[in-house]
Amino acid sequence: MTMLTLYGTKGSGSAAIEAALARAGLAFTGVDAASWNPGPGHEALLQVNPLGQIPTLVLADGTVLTESAAILIHLGLTVAPGLLLPAEASERARAVRGLVYIAANCYAAISVIDYPERWCEPCDDDMKARIRAGTRARLHEHWRVFADQFSIGFEAANPGALELLAAVVSKWSGTRPMLQAERPTFHAQLLRVEQHPEVAAVFQRHWP
């Protein structure tokens, strides 16, 4: 391999990784792959990530990275200091905490909303609807807490890994309208992240 290979698809979490790679000036080969889109890309993805989850990033030496937060932390630790992760230790710790918070509390809830049948047996349509409703309510509460905890120091004009992941994951399951109504200052910060020149092109490809 001569460069990075990123497995993902439009409108998915791979947008955060693409934006981070753009910010870092790192070239990559993209493979269109998703579990809901069977085909050669998904088959290739399964060879490097048996869970078939995206994003998956394969480094130039063949090392496989999965989980959005882990990919962003790795990139933040290997590119220019201060670009994707703060150079100052306490600020870097805060950013790492925020990345894992999103992965554990917000990103994880999306899987339940998308595939409630994976989390109960048996699962009829009524049960699916109840699981989705409860999970969405919990997801929105997680985002309220995130906005309250992390909006101060959120580098919207110079987005790093935390800002990029927040901007992408908050686009799902009605989170943005809720934040616009209940946390308008933080919602405005997310819009500023999307407007950054290196980020805007990525977001336009994913959400034209």
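Helices (H or I, at least four residues) and strands (E, at least two) are DSSP runs, numbered from the N terminus. The model is a predicted one, in which local features need pLDDT of at least 70 and side-chain atom pairs count only at pLDDT 80 or more, while totals for chains, interfaces and linings use all residues. Residues are numbered from 1 along each chain as its sequence is written, and side-chain values use heavy atoms, with hydrogens and water left out.

**Overall fold**

- The protein chain contains nine helices and four strands.
- Along the sequence, these elements follow the pattern β-α-β-α-β-β-α-α-α-α-α-α-α.
- The radius of gyration, taken over C-alpha atoms, is 17 Å for the protein chain, which agrees with the value near 17 Å for a compact globule of 208 residues; the globule rule is 2.2 Å times the number of residues to the power 0.38.
- The C-alpha trace spans about 50 × 45 × 30 Å along its principal axes.

- Of the 208 residues, 46% count as buried; buried means under 20% relative accessible area, exposed over 50%, and partly exposed in between (1.4 Å probe, protein chains only).
- Among contacts (heavy atoms within 4.5 Å) with a separation of 6 or more, 64% are made by residues 24 or more positions apart.
- The accessible surface of the protein chain is about 10100 Å², and 55% of this belongs to carbon and sulfur atoms; the areas come from the Shrake-Rupley method with a 1.4 Å probe, and for residues only the protein chains shown count as cover.

**Asn158**

- Asn158 lies in the loop between α5 (125-150) and α6 (161-169).
- Asn158 counts as partly exposed because its relative accessibility is 43%.
- The side chain of Asn158 makes a polar contact with the side chain of Arg23 at 2.8 Å; a polar contact is a pair of N or O atoms within 3.5 Å, where, within protein, one must be able to donate a hydrogen and the other to accept it, and residues adjacent in sequence count only if both atoms are side-chain atoms.
- The C-alpha atoms of Asn158 and Ala95 are separated by 14 Å, and the two residues are 63 residues apart along the chain.

**His206**

- His206 belongs to helix α9 (residues 197-206).
- With 7% relative accessibility, His206 counts as buried.
- The side chains of His206 and Glu18 form a polar contact of 2.9 Å.
- Leaving aside neighbours within four places in sequence, His206 is in contact with residues including Thr9, Lys10, Gly11 and Glu18.
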